[in-house]
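Here is a quick tour of a protein model, written for someone new to reading structures. Have a look at the sequence and the fold, then work through the notes below.

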Amino acid sequence: MKVMVTGATGFLGLYIVEQLAARGDEVRAFCRRATDDLRLPGVVPVLGDVRDRAAVVEACRGVDAVIHTAAIAGIWGPWKLFHETNTLGTQHVIEGCRTHAVPRLVFTSSPSVTFDGSPQRGIDESVPYPQRWLAHYPHTKALAEQAVTAANAPGVLHTASIRPHLIWGPRDRHLIPRLLDRARTGQLKQVGAGENLIDITFVENAAAAHLQLLDALASPALGGRRYFLSQGEPVNCWQWINEILALAGLPPVKSRVPYGVARIAGGLLEGAWSLLRRSDEPRMTRFLAAQLAMDHYFDIGAARRDFGYAPAVSTQAGMQRLEF
């Protein structure tokens with residue numbers, strides 16, 4: 001099979017490229033900058049940006065499937081950047097699939113597309129999209145996911161979205177490095193009572209799930225569906241963070257901030273950043289405060305049932321493979 005992967009040099013995207021190449025697929029690695037990591041048998045880098053409609057449509061020519069992982073993530077930034085990359089970029093991928101009769105599309109979404117600031121405990125894919133958004137990232141990803149779902153056409157283009165939660169593992173350049181940086185500079189504080197449970201996903205498991213779903217999409221029965229993904233067992237958020245700190249040789253988090261205080265501070269900082277038109281991320285936002293203090297874990301029964309997902313790497317084994 002010839003598969004195009006967008007965001008091919010990203011954290012998740014590169015693992016997907018490696019797993020596709022390892023099983024003998026031809027890979028068109030669509031990325032803004034090629035790296036030495038893409039020097040793999042059967043992998044051909046194609047430079048481009050998902051915001052460039054013409055480049056994306058052309059890159060879809062002659063492939064059998066697309067795995068679309070490219071996105072702008074984050075808790076802060078201009079709407080234009082998030083919308084053009086996450087929403088319009090996804091629409092460009094859909095157009096490319098339609099133009100060149102690509103029969104399968106797997107979209108990397110996020111559980112945050114269902115998050116409205118309230119705790120999420122064992123919810124499944126029947127939960128609707130919220131009426132309000134605490135950040136541009138989940139909003140624009142939800143718009144993209146809805147476009148992917150609407151694009152499903154049995155026998156023509158089979159689409160599905162996968163929602164891995166808190167992807168972590170070796171080569172992570174964002175989540176864990178940020179935690180460690182804040183811990184080393186004394187800026188990491190526990191938000192809330194420290195009892196909240198969260199889902200996490202080891203990166204190799206997340207990548208493998210994309211391949212499993214891609215293969216299963218040969219059947220039109222799965223087209224248009226959405227799937228939560230995780231390790232299958234939630235962890236205590238702050239115990240997990242402290243375990244990461246211990247592996248890195250750092251002390252546990254000791255400072256605490258009540259959720260209400262963190263939320264108010266986040267709102268004030270958001271207002272100040274907006275007035276000052278700052279593009280860097282505030283230390284706290286309402287979205288971040290809620291994510292750090294509340295339960296958010298999900299029912300992955302649909303992924304287990306529909307495409308046989310089972311996390312091959314346990315959380316304990318994955319922790320031992322972290323790199324610092």
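Predicted model: local features only at pLDDT ≥ 70, side-chain atom pairs only at ≥ 80, totals over all residues.

Residues are numbered from 1 along each chain as its sequence is written, and side-chain values use heavy atoms, with hydrogens and water left out.

**The nonpolar cores**

- Start with the word "core": a nonpolar core is a set of buried Ala, Val, Leu, Ile, Met, Phe, Trp, Tyr and Cys residues joined through side-chain atoms within 4.5 Å.
- "Buried" means under 20% relative accessible area, "exposed" means over 50%, and "partly exposed" is in between (1.4 Å probe, protein chains only).
- The largest nonpolar core has 42 residues, and the ones touching the most other members are V5, I16, L20, L38, I67, L213 and F307.
- Several elements supply at least two residues each to this core, including the strands β1 (2–6), β2 (26–31) and β4 (65–68) and the helices α1 (11–22), α6 (203–216) and α10 (301–307).
- Those labels come from DSSP runs numbered from the N terminus: helices are H or I runs of at least four residues, and strands are E runs of at least two.
- Apart from that core lies another one, made of 37 residues, with L188, V235, F287 and M319 among them.
- Zoom in on I16: leaving out residues up to four places away in sequence, I16 touches V5, I67, T69, A207, H210 and L211.
- Touching, or contact, means heavy atoms within 4.5 Å.

**Two buried threonines**

- T6 lies in strand β1, and T6 counts as buried because its relative accessible area is 1%.
- The side chain of T6 makes a polar contact with the side chain of H68, at 2.6 Å.
- A polar contact is a pair of N or O atoms within 3.5 Å; within protein, one must be able to donate a hydrogen and the other to accept it, and residues adjacent in sequence count only if both atoms are side-chain atoms.
- Not counting residues up to four places away in sequence, T6 also touches a list of residues that includes F30, V50, I67 and V93.
- T114 sits in the loop between β5 (104–108) and β6 (120–123), and T114 is buried too, with a relative accessible area of 5%.
- Which side chain does the side chain of T114 make a polar contact with? The partner is the side chain of Q120, at 2.8 Å.
- A polar atom of the T114 side chain also lies 2.9 Å from the backbone oxygen of P111.
- Setting aside neighbours within four places in sequence, T114 is in contact with Q120, I123, V127, P128, P130, R163 and F228.

**A buried alanine in a helix**

- A302 is found in helix α10, and A302 is buried, with a relative accessible area of 11%.
- Beyond its neighbours within four places in sequence, A302 is in contact with E125, Y227 and F307.
- A302 and P164 are 138 residues apart in sequence and 13 Å apart in space, C-alpha to C-alpha.

**Out towards the solvent side**

- A101 has a phi near 55°, a positive value in a residue other than glycine.
- You'll find A101 in the loop between α3 (79–99) and β5, and A101 counts as exposed because its relative accessibility is 60%.
- R277 also has a phi near 55°, again a positive value in a residue other than glycine.
- R277 is in the loop between α8 (259–276) and α9 (286–293), and is exposed, with a relative accessible area of 77%.
- I264 and R286 are 22 residues apart in sequence and 7.4 Å apart in space, C-alpha to C-alpha.
- R178 lies in helix α5 (residues 175–184) and is partly exposed, with a relative accessible area of 47%.
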